Amino acid sequence: MLLLSSVQGIMEYEQQRQREIDRLHTAALAASEAITAAFSRADGKAGAIASWSFALMDDPVACVRTLQHMTQADITVSNIAVLDADGELICSAVPPSGSERNFSSRDWFQALREGADRTHSDVVFGSISQRQVVLTVRRLRARPDADGTDPDTFAGVVAVATDMDAAARLVRRERLGTDAQIALISRQGALKLEGSTINDDVFENVAVGTLLEQARPGEAIRAQGTGVRSDYEVIVASLLPERLGVAIAAPARVFESWSGVSVISTFAIPALMTLLVLVCVWVAVDYFILRWLTYLQRIAQLYAAGRLDLVPQRARKAPREVARLAAVMEQMAASLDEQRTELAEAVDQRSGLLREIHHRVKNNLQVIVSLLNLQSGRISDPAAAEALMDARRRINALALVHRSLYETDDLRFIEIAPFLKDLIHNLAEVLGGHDSNISVEIECEELALSPDQAAPMALFVTEAVTNAFKHAFAGRDSGRIVVRLICGDDDQCEIAIGDNGNGASPQAGTGTGSSLMNAFAQQLGGQFTTRVSALGGYEAAVAFPVSKSWDN
């Protein structure tokens, strides 16, 4: 019903709209006929005056009186004037208000002097009548009995001015609405005529050339591409071909008459019925389904937040299908709660086992360190004893990694700042830094590394600090070592160990320590470099990629 009524409503709307457009066509033709009739009367007056213009031109006083009488006889005529062959004003029904009395430069005067018998002007502002007028102009010929004078000799013109506002008042406006506008269209633009009750001019930006091209004599044309507002229909009719036309612009309203009400009711009644059905369905669906789904949605959100012990009591009063869904959700929550408990226990057990493993590994490494200490005490060869001490320091760094793992809450990462402090403290104690004037400083950003990166980094720091203690301060009783860890915005970090010692020796980079540091740098995924430190001594560094996010 809704579809069929929509089609019917559209058809009735188009029919009513076409009737409105036909009404505008009729009004445009009536306006064209009324104004054309005014032009015809003006042409008749001009012809009558031209036939006995010699007498009027010989007696200017009688000429003025006659022209005034003829002007008063027709309300559409605002003035009648007679000009001689030079364009000088001989007599006029309306006394000239200014000093202008010669009109030989006007287009219509030039056309008649060049041979035309009659013509019309465009819509102009009359310099004598002071109104918007269209001039109907006829040629005056010389006296036929003049000695040696050709009867076709140009002797002047007679011009009848048709008042456009007065002509517009002849148009019967009962066919038009109060907001319809009538305008004369000429090459100079659009002249809005009196009669509309609205102030704004819909013809303000009209495409004059387009309207004149579309206008046809004796018929009204629905104009296209006029520049008039889009909600207006424009009908144009020709008065003077390609020079002057009349245009009517009016909104094509359909809903101001009983037929418009019929168009609305044809569509509205089925639409209201459909709307009523939809409202009833919406109320029923909301009451029996949606409110319960909303309730279950809130329960599901609480389950997602961890409240798995919650029981949907209200859903037991819901329709049967909803109650079944609520029961299934309750069983699912209970099952998830049980699985969560089991997983939590398994995670705790696994974490405990991992901590125990790291603890045992750390203890085993400490035992190895102790054995190396005992063995180094029995070796008389200083080089061998020193090699055992180097191995002890490296094993101690690995033991510190495992100790940090079982002491932290998250077994996946090691916090580097406290880890480095413990590592440097142990190295300084083994290397005798606490008993000397060699100080070790740490500059470290907040960073967490996985054990796979923490172990090679600890070994790298151990080797670099050991080398600094051994070789940087030869022949000196004091020194300074700085361990610096900095990270950039591109997830690139650099660990650097610099000193203010004697600088690099000629054998630097060829020993076991340099080879080990290069190997540890490769395990970090970085590049081992050496340079002069900011303190003036030697600096060993490795830049490596790392993710600063614990989630990754």
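Predicted model: local features only at pLDDT ≥ 70, side-chain atom pairs only at ≥ 80, totals over all residues.
Which residue forms a salt bridge with Asp337? The partner is Arg340, and the closest N and O atoms of the two are 3.3 Å apart.

Asp337 and Arg340 both belong to helix 8. They are 3 residues apart, about one turn of the helix. Asp337 has 25% relative accessibility, so it counts as partly exposed. Arg340 also counts as partly exposed, at 40%.

Stay on helix 8 for a moment. The helix covers residues 320–378, and Glu338 has its place there. Glu338 also belongs to a negative surface patch.

Arg291, Arg298, Arg314 and Lys317 form a positive surface patch. Arg291 sits in helix 7, which runs over residues 258–304. Its relative accessible area is 35%. Arg291 is therefore partly exposed, since that class lies between 20% and 50%.

Now return to the salt bridges. Side chains of opposite charge can pair when their charged atoms come close. The count for this structure comes to 10 salt bridges. One of them joins Arg138 to Asp43, with the closest N and O atoms 3.2 Å apart. Here the pair links distant parts of the chain. Arg138 lies in strand 5 (residues 132–141), while Asp43 lies in helix 1 (residues 2–51). The two residues are 95 residues apart.

Are the two partners buried or exposed? Arg138 has 18% relative accessibility, so it counts as buried. Asp43 has 15%, and it counts as buried too. The cut-off for buried is under 20%, which is why both values qualify. The pair is also part of a wider arrangement. Asp43, Asp117, Arg118 and Arg138 are linked in a network of salt bridges.

Arg484 is in strand 15 (residues 478–487) and Glu539 is in strand 18 (residues 538–545), so the pair ties together parts that are 55 residues apart in sequence. The two ends differ in cover. Arg484 counts as partly exposed, at 21% relative accessibility. Glu539 counts as buried, at 5%.

Turn next to the aromatic rings. The structure holds 4 aromatic pairs. One of these is formed by Trp108 and Phe109. Their ring centres are 6.4 Å apart, with 75° between the planes, and the pair is edge-to-face. Trp108 has 9% relative accessibility and counts as buried. Phe109 is at 0%, so it counts as buried as well.

Which geometry does Phe109 show with Phe154? The ring centres lie 5.6 Å apart and the planes stand at 80°, so this pair is edge-to-face. Phe109 lies in helix 4 (residues 107–113) and Phe154 in strand 6 (residues 154–163). The pair therefore ties together parts that are 45 residues apart in sequence. Both Phe109 and Phe154 are buried. Ring pairs link Trp108, Phe109 and Phe154 into a cluster.

Methods:
Residues numbered from 1 in each chain as written. Heavy atoms only, no water. Patch = residues over 30% accessible without salt bridge, like charges linked within 9 Å, V, L, I, M, F, W, Y side chains within 5 Å. Areas by Shrake-Rupley, 256 points an atom, 1.4 Å probe, with all protein chains shown as cover. Salt bridge = Lys/Arg side-chain N within 4 Å of Asp/Glu carboxyl O. Lys, Arg positive; Asp, Glu negative; His and termini not counted. Charge placed at Lys NZ, Arg CZ, Asp CG, Glu CD. Helix = DSSP H or I, 4+ residues; strand = E, 2+ residues; numbered from the N terminus. Phe/Tyr/Trp six-rings, centres within 6.5 Å; stacked < 30°, edge-to-face > 60°. Buried < 20%, exposed > 50% of the residue type's maximum accessible area, 1.4 Å probe, protein only.
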